[in-house]
Every structure is written in C-alpha cells, then in structure tokens.
Amino acid sequence: EMIRLALLSAILASASAFAPMSGLPSLARSAKPAMSVKMQGSDMSASVPFLKRPVNLDGSLAGDVGFDPLGFSDVFDLRVLREAELKHGRFAMLAVLGFIVQEFYTFPFFPKMAPVDAHDYFVTQGGGSQIIFWISFVELFSVVALFETIQGKREAGDYAFDPLNLATDEVTLARYREAEIKHARLAMLAAAGF
C-alpha cells in the first residue's frame, strides 16, 4: 500500500511540473521574467541558438536549420555532405522498416528470431558478404552521381526517380524534399538505437 501511494505521488508530482500554474493567482500575475534572453541579429543558428550560424548554411537546402556544431560545412562541399546524408538516411529508413517488419513477419525459409540475434545468425551464414557486395554495387553508381552533383548537373540526392509522378510542381517537390530529409535524420537515429 505504501509503494502504491509513493508511486501515485511521484506520478502526480511529475505531471504537475508540466501543467500551467493555476494556484496562487497573485504570484502568477506578479511573476515577470527578470531578463529576456535574446540573441542579437540573425547570424545565430536556429537549431543551436547560442552558436553562430555557419556561413555556408544559408537555408537554401531543404531541412537546413543551421546545425553544424563541428564545422563540417566550412571544410567540405555542402552538396557532397547532402548527398551522403540522403544516401545514409535512405538506407536507414529501409533498415528501420526491416527491423520493424521482422518482428511481425518472417520469410518461410528463415528461422524466427529477434533482430539482434538475426544479425549474428546471418553473418555466420554469409549474409555479411552479400551486404558488402550490394553496398559496393550502390557505391559504384553513387560515385558517378556524386561527380555529377559536384559539376552542378543535378541536385544532391536527386536520381529523377518519381514513377508515381508525385512531385507535380515545385511547391510539392520542396515539401517532399523537406519531409524526406526529416524522416532520413529520424531514421538514422532510430537505426542507431536498434
């Protein structure tokens, strides 16, 4: 009984930390911020407001919010960085989908097991060699695409693959590019968590 009471009080205390202050109206009205923290000018990063916005991140790319705390955009070409980010993000989206699907469905000729155990099993069965082969195959074509991107012949990550003709105009295309980069970043974090 004592544990239940302690658990209930902990839950209520943590929930009340996020609720607006409704009690003590005189204190709520008189409480004013002592100081407003405002960064000067627009040269500060939108994602990390206490850091200066990197010079090369001007907001022209989809998903650009000025996040580059290590300064890679000052050293490398942004098109190369975006190409790598999209490629790794697309593979991460497939990886996350594979982890989730494997929990619910298993092909008939594979044993049912947890994804972590499946990694070890398929490495011993030769799956690692297949992965290296297919990644090498993809890398061969992506090197050609990367050179085209550097030369300005195409945008980073754009393989002109739209079989359903979803991007009918520039506004829709910009919205899809923004969504893709956000989903790619989330999938890279999710794949790292598996």
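Modeller: Let's start with a contact: the side chain of Glu83 makes a polar contact with the side chain of Arg154, at 2.9 Å. This is a predicted model, where local features need pLDDT of at least 70, side-chain atom pairs count only at pLDDT 80 or more, and totals for chains, interfaces and linings use all residues. Residues are numbered from 1 along each chain as its sequence is written, and side-chain values use heavy atoms, with hydrogens and water left out.

Colleague: What makes the Glu83 and Arg154 pair a polar contact?

Modeller: The term needs a pair of N or O atoms within 3.5 Å; within protein, one must be able to donate a hydrogen and the other to accept it, and residues adjacent in sequence count only if both atoms are side-chain atoms. The pair sits at 2.9 Å, side chain to side chain.

Colleague: Why is Glu83 called buried?

Modeller: Its relative accessibility is 5%, so it counts as buried; the cut-off is under 20% relative accessible area, with a 1.4 Å probe and protein chains only.

Colleague: Glu83 lies in helix α4. How do you know that the span of α4 agrees with its residue count?

Modeller: The expected span is 1.5 Å times one less than the number of residues. For the 27 residues of α4 (78-104) that gives 39 Å, and the end C-alpha atoms are 39 Å apart, so it agrees.

Colleague: And α7, what is its angle to α4?

Modeller: About 60°, with the axes 7 Å apart. That makes α4 oblique to α7, because angles under 35 degrees count as roughly parallel, over 145 as roughly antiparallel, 65 to 115 as roughly perpendicular and the rest as oblique.

Technical notes:
Helices (H or I, at least four residues) and strands (E, at least two) are DSSP runs, numbered from the N terminus. Buried means under 20% relative accessible area, exposed over 50%, partly exposed in between (1.4 Å probe, protein chains only). Axes are lines fitted to C-alpha atoms, for helices over the stretch in contact, and angles run from 0 to 180 degrees between N-to-C directions.
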